[in-house]
Amino acid sequence: MDTFLGLWEIGSPKLYLIWVIVFAAQIIVAEINRRWLWTVFAIWTVGGIALIPYAAYHAIPMIGWFPFGKYVIMVTVSTWNAAFVYLGRNDPRKFRRNILVIGFITWIGVAINIMEANIRDINIYFQADFYNACAANWECLKGINASHTLDMIAGLPETRGVTAPLHSDEWYQAVAANFANTNVGIDPETGFRTIGGFWNIMSAIAGCLNIITMTGWAKITIGSNPKQKVKGLIWADMVWPWVIAYDLWNHAFLYNALADYTWYCTLALLLAATIPAFWWAKGQWLWFRCYTLMFWIAMNNLLPEFLISPGQNNFATMNPTANIVCSGLALGSNVLLFIYFLYLVIVKKRNPITSSIYQDIAEYRTIAKEHMDDKDKYWVCDMIKETPQELGFEPDSPIPPADGYVHHMAWWGKADKRYPKLRTPVSADPILAKKGIEQDPRWDVSASSAESAGQPDK
């Protein structure tokens, strides 16, 4: 059988055209949302909420509760992300003062999404025999179609060559016989083909490692470089090693769980977030991941007959070797990333909870130079030994700005546990100053020292 990358069958020209349209639409919508923040609230908040009743009525009978639940969750997450950016653009000090809450909410949203996938991968491993038995049972196949208003069986590769009248008992029996001759199962709740094996466990382990190495949430910021027209959501620690490890994991999981739909939801969807993050929107992978995913899930709920129907798919090869390779790459990349993570935490003494840890990577340096002003450059370095100059961030002044941002974690109490080096004084944040946070004149710069260094207090 001719295949595309050994993962999918060679489809019709229409499927490749649909892929290009889906890929381009995802990037365009996310970029529009990034440039004009009001479009998020108009399209995904107001429009998304308004369409919830229609999505429930239209999509649940076709594709079930799970995709509809993801739609509701993504409407909420998309609104949160836009609200955070709005706060960061309009009250940057308040945004950074509350980064403990903002960052943790952002991190936990991604972490829960990954862990949900890990649990599903493990469930497929243990349910493999059940799924295979369903696929080989014509009554189970008939029951799948009976529980969905969308035909989930006709058009599958296993229906090819079946000459019995469509949807007759004889037709379902012949399809079940074709399934029985393969190792392919089918989830009776979703109607999606799948094959389970040890590769599910490999993928789940990779996902857990990916959560652990997702650091820097306490240093999420909003673009502050005045030379940049778009002030985006910057999670600088999401540099290429983590993004690539995430992409390989997410593809492996989806290829294990929703293999026939990965033609769109991994090859198109993942690239639609990764390409901008590596090109014109460095440090902003999360934004594109959020809004490309929002677009894809919305379309799946509003137009499932066009995107979920088997007739629209470029089917997976259902070759266990492909699953093993995908999960092996996912696990290998995340193990390597985890080893590098341990090196930074143990040897470089970077704290993955209170600070970024990947500042030494060239991409992080580029993000800092392109999207941060001096206030942010010193803020993202205030918990580590190195200064922005030593890391190559090219600040305008060798001294932190006296009116910069102050990083303070709630569990520190009144202690200032930033790294003992020149830093913005606590007095720069009136709210923290009122709380009586300790100041240390040995390290706190003054307005006069900042002025003498060519960085006036503004």
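In this predicted model, the count of salt bridges comes to 19. One of the pairs joins the side chains of K219 and D382, whose nitrogen and oxygen lie 2.8 Å apart. This pair links distant parts of the chain, since K219 sits in the loop between α9 (198-212) and β5 (221-222), while D382 belongs to the loop between α17 (374-379) and α18 (430-434), with 163 residues separating the two.

Turning to helix packing, helix α3 and helix α13 pack at an angle of about 80°, and their axes are 8 Å apart. Because angles of 65 to 115 degrees count as roughly perpendicular, α3 and α13 are therefore roughly perpendicular to each other. The two sides of this contact are set out below.

| Helix | Residue range | Residues in the contact |
|---|---|---|
| α3 | residues 52-63 | Y54, A55, H58, A59 and I63 |
| α13 | residues 285-302 | N300, N301 and L302 |

Sorted by class, the contact of α3 with α13 comprises 5 nonpolar and 3 polar residues, and no charged residues take part in it.

Terms used. Residues numbered from 1 in each chain as written. Predicted model: local features only at pLDDT ≥ 70, side-chain atom pairs only at ≥ 80, totals over all residues. Heavy atoms only, no water. Axes fitted to C-alpha atoms, helices over the stretch in contact; angles between N-to-C directions. Helix = DSSP H or I, 4+ residues; strand = E, 2+ residues; numbered from the N terminus. Parallel < 35°, antiparallel > 145°, perpendicular 65-115°, else oblique. Contact = heavy atoms within 4.5 Å. Nonpolar A, V, L, I, M, F, W, Y, C, P; charged D, E, K, R; others polar. Salt bridge = Lys/Arg side-chain N within 4 Å of Asp/Glu carboxyl O.
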